[in-house]
Amino acid sequence: MHDSSDAGSTATAVSGGGGGSGTKGAPPASGEGPQLDRQLSNRHIQLIAIGGAIGTGLFMGSGKTISLAGPSVIFVYMIIGAMLFFVMRAMGELLLSDLRYKSFADFASDLLGPCAGFFTGWTYWFCWIVTGIADVVAISGYVAYWWDGAPLWIPALAAVVVLIGLNLPTVKAFGETEFWFALIKIVAIVSLIVVGLVMVFKGFESTSGATASFANLWNDGGFFPTGPMGFVAGFQIATFAFVGIELVGTTAAETKDPEKNLPKAINSIPVRVMLFYVVALVVIISVTPWREISADRSPFVVMFTLAGLAVAASVINFVVLTSATSSANSGIYSTSRMVYGLAHEGDAPASFGRLSSRKVPVNALLLSGVFLLGGVVMVAIGGSIIEAFTLVTTISSVCFMFIWTMILISYLVYRKRRPHLHEASKFKMPGGIFMCYVVFAFFAFLIWAFTQKSDTLQALLVTPVWFLVLGVAWLAMGRSRARREKAEVTS
């Protein structure tokens, strides 16, 4: 823990401060081997941020959300997006308060202590592994659209191999890959909005007899046709749609001109939420009455299928396939950097702290890739794609809420101990301390909402096992950590 006099204390190098000795607060000395490199430009960061905000939860999960909540799903996405904007602003102010912070695990460790950094770093790794598994499951479902009856484990395994291959080159190669993946998502959603609006204004009638009209938003039970509990149930999958919104916070170590580019990416979040979530879902429900949208299929594909546009449906299916691949791609990137940083703190085996000649943490990358094989196992065992998707997305959502909560707690400590840094900040969090408590209350509501359905409750009850495992690991490592710190002091 540090007092306010620690304003200039160095971040703890989690997530890529470099290949230093692991001494907290010490920047890596020159000549210690390759370091993570600032190769991500503004266009990379902007598109990575958009890619993080447009995830599999929107393309795959919104069908179930609509079936649970009806048109009120629009308000669900608006509320979650608004709350998470404040989390991102808190993260942005903290990262820019000391450019030696490389990620939120850095400032959690610096402001809350090494244990907080350990739990934050490893939980973020776990979050993205679970999310990646959900993406692999979704990829299998999308491939089945063309390859009906084929063993689902084949595309799942192929996806894992491709993802590892995409991340082995330089970080700039990752940035380029994610740039084009995100661009595909943007073009697809904008195209869907334009085509959908044309169908509405022309009064398009689908093969089921439904007429495209904005009246479909309220003419079947109003905006809340499934009642207040249906509205509450919509928050589970919708929350998962936003995981990855903090991804831009893990790129800080490899971002050119972070003082300029990070604020740009974070401030664009409200616009992205309104366009890519709210407007897209308004159009989908206007074209396809909400009762005709299946929980088991992507409503983006369903909209074109019901309209009789089979070719367009295939194109959209390809887009949502690339979206899932993009999400998992981002997950492998962020988890590899997080494990790399944890290794330099002594919180992961030292072998994961090594970089290749291209400045990529290959061992940490392969670790994440191996765990993604869990998605292959899930689809190989069989069962409903959406059931498997719901289970892993709930676990992921709860763990991401832990990460978002740690960001806000770090912000509160920062405000108390380093008020002069807050005053000097050019990127202050709107609402400050008050909004932190508003978001905490919202997270408490989300946890309660997860208890209201049997499938999400089951996953919610399983999640604490992860934190128990982490607690045991932290205690087991206590003795070796104490010996290492003692050696550093006496050396």
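Is Trp-448 buried, partly exposed or exposed, and what is its relative accessible area? Trp-448 is partly exposed, at a relative accessible area of 41%, where buried means under 20%, exposed over 50% and partly exposed in between (1.4 Å probe, protein chains only). The model is a predicted one, in which local features need pLDDT of at least 70 and side-chain atom pairs count only at pLDDT 80 or more, while totals for chains, interfaces and linings use all residues. Residues are numbered from 1 along each chain as its sequence is written, and side-chain values use heavy atoms, with hydrogens and water left out.

Turning to the overall fold, the protein has 20 helices and zero strands; helices (H or I, at least four residues) and strands (E, at least two) are DSSP runs, numbered from the N terminus. Of its 491 residues, 59% count as buried. The protein exposes about 18000 Å², and carbon and sulfur atoms supply 68% of that area, as computed by the Shrake-Rupley method with a 1.4 Å probe, where for residues only the protein chains shown count as cover. With contact taken as heavy atoms within 4.5 Å, 82% of the contacts between residues at least 6 apart in sequence join residues at least 24 apart.

The nonpolar interior comes next. A nonpolar core is a set of buried Ala, Val, Leu, Ile, Met, Phe, Trp, Tyr and Cys residues joined through side-chain atoms within 4.5 Å. The largest such core has 131 residues, and those with the most contacts inside it are Val-87, Phe-107, Trp-122, Phe-242, Trp-404 and Phe-443. Helix H5 (residues 114-143) gives the most to this core, with 19 residues. Leaving aside residues up to four places away in sequence, Trp-404 touches Leu-84, Val-87, Met-88, Thr-239, Phe-242, Val-243, Glu-246 and Phe-443.

Helix H5 also holds Thr-120, which counts as buried at 1% relative accessibility. In helix H7 (residues 171-201) lies Phe-179, buried with a relative accessible area of 11%. The C-alpha atoms of Phe-179 and Ser-326 are separated by 9.5 Å, although the two residues are 147 apart along the chain.

Helix H6 (residues 153-167) has 15 residues and reaches 22 Å from its first C-alpha to its last, close to the 21 Å expected at 1.5 Å a residue; the expected span is 1.5 Å times one less than the number of residues. Buried positions in H6 are Pro-155, Ala-156, Ala-159, Val-160, Leu-163, Ile-164 and Asn-167.

Aromatic rings complete the picture. Rings of Phe, Tyr and Trp (its six-membered ring) pair if their centres lie within 6.5 Å, and planes under 30 degrees apart count as stacked, over 60 as edge-to-face and the rest as tilted. The structure holds 28 aromatic pairs. One of them joins Trp-218 and Phe-223 in a tilted arrangement, 6.4 Å centre to centre with 45° between the planes. Trp-218 is partly exposed at 47%, and Phe-223 is partly exposed at 31%. The rings of Phe-445 and Trp-448 have centres 6.1 Å apart and planes at 35°, so this pair is tilted too. Both residues lie in helix H18 (residues 432-450), three residues apart, about one turn of the helix. Phe-445 is partly exposed, with a relative accessible area of 26%.
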